[in-house]
Amino acid sequence: MRRKLIAGNWKMHNTLAEARALMKGIRERFDGSWPVDVAVCPPFTLLYPMGKEIDGTPIKLGAQNCHYEPQGAFTGEISPPMLKAAGCAYVIIGHSERRHGFGETRELLRRKVAAALSAGLEVIYCLGETLEERRAARTQNVVSRQLDEAIHADLDSAKLVLAYEPVWAIGTGQQATPEQAQEVHAYLRGRLASIFDSRRAAGLRILYGGSVKAGNADGLLRCPDVDGALVGGACLDAAEFAAIISAAAAVSA
């Protein structure tokens, strides 16, 4: 059975004081014996201090983005080795806000994924369709294309996590039904089997993201191919985030 992963994407939120208060609330509510992997992904400025906040706990640190070069004249960028040295275990790559808001291309995403994996980071690679694409029944075509943009057989699948995040459900209050999520997750697992093999595909975690909350987490996490959640707004509330982790633990028990 694949171990559930609950990862919180803080996006561009929290000052240092706010972040410390949030982490204190999460630590107070999180039972380290729960059979769930947990990660928090704060902005770059908070990576090192949040690493200190979770030191000695099972909670892992993740970043929201990275560059593809290990070093160089790239003003404003952060390299995978820098993230690793700051204590990161994970990095998010290909989030729709990066694709649509910052114009990240196929070649850029492919290089980022390879560089992050080479540095020893686990990559949470995001895919998802817009509302227009779903209405046009193009969901499978879109996520298949996004998968092929960066994922290939030579990669270390043991350090790869997918996150299906329908763009129409991110920050909108809408969410895919468990049936809709399971359908796309099962399709992606089949595509992974064609890229790697059935054994490696069966071991690879696929998260759901898109308005995940304590109230809908249980139904989503009970789907056979939903292996956790990439949580947005709800991870900024300690009680809400802990309740999602608790739901994952209950499903895993």
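Predicted model: local features only at pLDDT ≥ 70, side-chain atom pairs only at ≥ 80, totals over all residues.
In strand E6, Val161 is the bridge partner of Ile124. Residues are numbered from 1 along each chain as its sequence is written, and side-chain values use heavy atoms, with hydrogens and water left out.

Helices (H or I, at least four residues) and strands (E, at least two) are DSSP runs, numbered from the N terminus. E6 covers residues 160-164, and five of the five are buried, so the strand is largely enclosed by the rest of the structure. Buried here means under 20% relative accessible area, with exposed being over 50% and partly exposed in between (1.4 Å probe, protein chains only). Leu160, Leu162 and Tyr164 sit on one side of E6, Val161 and Ala163 on the other, and both faces are covered.

Two strands pair if DSSP finds at least two bridges between them. E5 and E6 run parallel and are joined by five bridges. E6 also pairs with strand E7 (residues 205-208), again in the parallel sense, over four bridges. In E7, Tyr208 stands opposite Tyr164.

**Two buried loop residues**

The C-alpha atoms of Tyr164 and His95 are separated by 9.7 Å, although the two are 69 residues apart along the chain. His95 belongs to the loop between strand E4 (88-93) and H4. It counts as buried, at 4% relative accessibility. Leaving out residues up to four places away in sequence, His95 touches Asn9, Lys11, Cys126, Glu165 and Ile170; contact means heavy atoms within 4.5 Å. Its side chain also reaches the backbone nitrogen of Glu97 at 3.0 Å.

Ser79 sits in another loop, between strand E3 (60-63) and helix H3 (80-85). Why does Ser79 count as buried? Because its relative accessible area is 4%. With residues up to four places away in sequence not counted, Ser79 touches Glu69, Pro70 and Gln71. The side chain of Ser79 reaches the backbone oxygen of Pro70 at 3.0 Å.

**Empty space**

Rolling a probe the size of a water molecule over the atoms shows where empty space is left. On a 1 Å grid over the protein atoms alone, a cavity is a set of points where a 1.4 Å probe fits but cannot get out, while a pocket is an open set with protein on both sides within 12 Å along at least five of seven lines; lining residues have an atom within 4 Å of a point. Grid points are joined across faces, edges and corners, and a volume is the space filled by probe spheres set on the points.

| Space | Volume |
|---|---|
| Largest cavity | About 30 Å³ |
| Largest pocket | About 430 Å³ |
| Second largest pocket | About 190 Å³ |

Of the 16 residues lining the second largest pocket, Ile170, Gly171, Ser211, Gly232 and Gly233 are the closest to its centre.

The largest pocket has 17 lining residues, and Lys11, Gln64, Asn65, Arg98 and Phe102 lie nearest its centre. H4 gives the most to that lining, with three residues.

The structure holds one cavity of 30 Å³ or more. Gly94, Ser96, Arg99, Cys126, Leu127, Gly128, Gln146 and Glu165 line the largest cavity. Helix H4 (96-102) and strand E5 (122-127) each supply at least two residues of this lining.

Notes. Polar contact = N/O pair within 3.5 Å; in protein donor to acceptor, adjacent residues only side chain to side chain.
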